[in-house]
Amino acid sequence: MNYDNKSILFMGDSITALGTDKRGWIRYFNEIIKPAHFVNVAVPGATIEDKEGTVYDGEPVFIQSDREQLNNVLGNQLEKILRGKDSSHPNYRKVEDYQGFDYIFIAAGTNRGHRKGLTETAEMVDRQFIDNQGNALPLDKADRKTWSGAMRYIYENLRRMYPCAKIFFCSPVQAADSPERAYASIKAKGEVIKAVCDRISDVCFVDTFNCGICGIYEQRGKNGRDLIDGLHPNENGARKIGEYNARALKWFTL
């Protein structure tokens, strides 16, 4: 398939926010896909889930203080898009770049509140879709402080605005082993994302965890084989992520 007339939206955290820098995976993804247009609203430090006190102001920014990062969540990246695309939004102001996307890539999960534990069980995921009576849970009742509730909220709004777009959720990549980002922890995060994608069904799960970056070859705070500091990609790692995600897009659009 030829993608040179396609438009792509990228959402996510710092690994995606690197964009088309030499250490940004979007650079190598775009070298393969060659889209006509792309927009990247990813912000360093972003989490999938809302935090206590999160307010959607449409301006997600990275500030090096947990207290001040309350609004740096995927839902606020979505809010930014909503305000430029959804004419029914009370703060609507048309942004031409947001009017049409063929593909949407969402890559986050690295920054989940590590100290709060890892997983959402299948039952916990289901609670964000089905109520106690077995009926579909209204979207405004979904708990966006959970991954499943936040992902459902993001998906349903994106699908409403871009009914023909193919939506991708990517799992986090491996990192240098540490108490905060142990191998099992990162793998479990990907399993939660896949479980939510399975529940939604109308999205594609990209297991970027398997892109070729392996935590045992990385060191915290030092440049390793694929990560410049044990967490963020160097040029080699960015190429692996970009090429992997590009192959995934091609596979899902055969």
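Which handedness does the crossing of α5 and α6 have? The crossing is right-handed, and point 4 below returns to this helix pair. A few notes on the model follow.

1. Ground rules. This is a predicted model, in which local features need pLDDT of at least 70, side-chain atom pairs count only at pLDDT 80 or more, and totals for chains, interfaces and linings use all residues. Residues are numbered from 1 along each chain as its sequence is written, and side-chain values use heavy atoms, with hydrogens and water left out. Helices (H or I, at least four residues) and strands (E, at least two) are DSSP runs, numbered from the N terminus.

2. The sheet. Five strands make an open sheet with parallel pairing, ordered β2-β1-β3-β4-β5. The edges are held by β2 (37-40) and β5 (204-206); each has a single partner strand, so one side of each lacks a neighbour in the sheet. On average, neighbouring strands are turned by 20 degrees against each other, direction ignored. Two strands count as paired if DSSP finds at least two bridges between them.

3. Strand β4 and its surroundings. β4 (residues 166-170) pairs with β5 in the parallel sense over 3 bridges; Phe 168 has Cys 204 of β5 as its bridge partner, and Cys 170 has Val 206. With β3, β4 also runs parallel, joined by 5 bridges, and here Ile 106 is partnered by Phe 169 of β4. Of the 5 residues of β4, 4 are buried, so the strand is largely enclosed by the rest of the structure. Buried means under 20% relative accessible area, exposed over 50%, and partly exposed in between (1.4 Å probe, protein chains only).

4. Helices α5 and α6. The axes of α5 (residues 147-161) and α6 come within 10 Å and cross at roughly 45 degrees. That makes α5 oblique to α6. As for the classes, angles under 35 degrees are roughly parallel, over 145 roughly antiparallel, 65 to 115 roughly perpendicular, and the rest oblique. Axes are lines fitted to C-alpha atoms, for helices over the stretch in contact, with angles from 0 to 180 degrees between N-to-C directions. The crossing is right-handed, meaning that the near helix is turned clockwise from the far one by less than a right angle. Residues in this contact (heavy atoms within 4.5 Å) include Trp 147, Met 151 and Tyr 155 of α5 and Val 192, Ile 193 and Val 196 of α6. The contact residues divide into 8 nonpolar, 1 polar and 2 charged. Here Ala, Val, Leu, Ile, Met, Phe, Trp, Tyr, Cys and Pro count as nonpolar, Asp, Glu, Lys and Arg as charged, and the others, Gly among them, as polar.

5. Helices α3 and α5. The α3 helix (residues 74-85) has an axis that comes within 10 Å of that of α5, crossing at roughly 20 degrees. The two are therefore roughly parallel to each other, and the crossing is left-handed. Among the residues that meet are Leu 78, Ile 81 and Leu 82 in α3 and Ile 154, Leu 158 and Met 161 in α5. This contact divides into 8 nonpolar, 2 polar and 2 charged residues.

6. A loop residue worth a look. Asn 72 lies in the loop between β2 and α3, and at 1% relative accessibility it counts as buried. Between Asn 72 and Phe 62 there are 6.7 Å in space, C-alpha to C-alpha, with the two 10 residues apart in sequence. Leaving aside neighbours within four places in sequence, the contacts of Asn 72 include Val 43, Pro 44, Thr 47, Lys 51 and Phe 62.
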